[in-house]
Amino acid sequence: MDKFTISIPLNELKAAAIFASEDEARYMLRCIRVEIADEHVRLISTDGRRLVLIESKACGEDGLSAAFSIPVEMIRAVEKPLDSGNVIITVESGVITIIDRTSVKKVAEDNSRVGTFPDWRKIVPPKLTATKHGRSTIQARYLADIYKAEKLLCPGVTTAIHIQPASDDPNSVVVIVLEDRLHHRCALYCLLMPLREDDGRVFDMTPPAWALPAPKAQAMETEAPHA
């Protein structure tokens, strides 16, 4: 199809943009991948260590099957959505146009014309095999970014974050799911690489001694004597 138009919620695009690469040399990761099939719209972004999937509330045209990559700078430049909360995206001959409430057209080339977006489905684990004792170490800012996305995707809605390593290997990919508990749906699915522990060093997660109840004998010694 030479030309098509789709309306996508701006908050979803902004949330996906959080996880795109900041490395200017990795041009194909500095974008939001939009895939349209079977009247469903999916948003994908990655920085090489994290992969985020968002099932959009947008609807594609009947019978439309397409995929394109929006430069992340283009998304970040959009400030005001239409009254519906969406922006209108038109793709024609590899050129992307976005129209927001300002009615100012933002135009850029589809990143797909200069490279190939990673085949992200290859790294999605079809099955989680970790036991309940699985453990992973992840960067704190990754959780902070999930929180930023949660504010965009689920304003005013009770949410929960589910975290599980894909396997018992401490270096296996970690699965994080942001759950919209009001609508019982996955608002965001994230895969991320943990901090490696090849040196065998494992951080001691034992509670500090001062946080534990005082031993009984010690407690008796500190009691005031009876008159």
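**Reading the terms in a predicted model**

The structure, a predicted model, holds 0 disulfides.

Reader: Why is Cys31 called buried?

Author: Its relative accessibility is 0%. Buried means under 20%, so Cys31 counts as buried.

Reader: Why does Cys186 count as partly exposed?

Author: The relative accessibility of Cys186 is 37%. The term covers what lies between buried, under 20%, and exposed, over 50%. Cys186 therefore counts as partly exposed.

Reader: And why is Asp38 called exposed?

Author: Asp38 has a relative accessible area of 69%. The cut-off for exposed is over 50%, so the word applies to Asp38.

Reader: Where does Asp38 lie?

Author: Asp38 is in the loop between E2 and E3. Its C-alpha atom is separated by 7.8 Å from that of Asp62, although the two residues are 24 apart along the chain.

Reader: How do you know that strand E2 and strand E3 pair?

Author: Pairing takes at least two bridges. Strand E2 (residues 31-37) and strand E3 (residues 40-46) are joined by 5 bridges, so they pair; they run antiparallel. In one of the bridges, Ile36 has Val41 in E3 as its partner.

Reader: What makes strand E5 and strand E9 edge strands?

Author: The open sheet has 7 strands in the order E5-E2-E3-E4-E11-E10-E9, with antiparallel pairing. Strand E5 (66-71) and strand E9 (159-165) each pair on one side only. From one strand to the next, the twist averages 20 degrees.

Reader: Which strands does helix H3 touch as it packs on the sheet?

Author: Helix H3 (residues 140-153) touches strand E4 (50-55), E9, strand E10 (174-180) and strand E11 (185-192). The direction of H3 makes about 155 degrees with that of E11.

Reader: How does the reach of H3 from its first C-alpha to its last stand against what is expected?

Author: H3 has 14 residues and reaches 20 Å, close to the 20 Å expected at 1.5 Å a residue.

Reader: Why are the buried residues of H3 said to line one face of the helix?

Author: The buried residues in H3 are Tyr142, Asp145, Ile146, Ala149, Glu150 and Leu153. Seen down the axis of H3, they fall within an arc of 150 degrees, so they line one face. Their cover includes helix H1 (10-17), E4, E9, E10 and E11.

Methods:
Residues are numbered from 1 along each chain as its sequence is written. This is a predicted model: local features need pLDDT of at least 70, side-chain atom pairs count only at pLDDT 80 or more; totals for chains, interfaces and linings use all residues. Side-chain values use heavy atoms; hydrogens and water are left out. A disulfide is a pair of cysteine sulfur atoms within 2.5 Å. Buried means under 20% relative accessible area, exposed over 50%, partly exposed in between (1.4 Å probe, protein chains only). Helices (H or I, at least four residues) and strands (E, at least two) are DSSP runs, numbered from the N terminus. Axes are lines fitted to C-alpha atoms, for helices over the stretch in contact, and angles run from 0 to 180 degrees between N-to-C directions. Contact means heavy atoms within 4.5 Å. The expected span of a helix is 1.5 Å times one less than its number of residues. The arc is that of the directions from the helix axis to the C-beta atoms.
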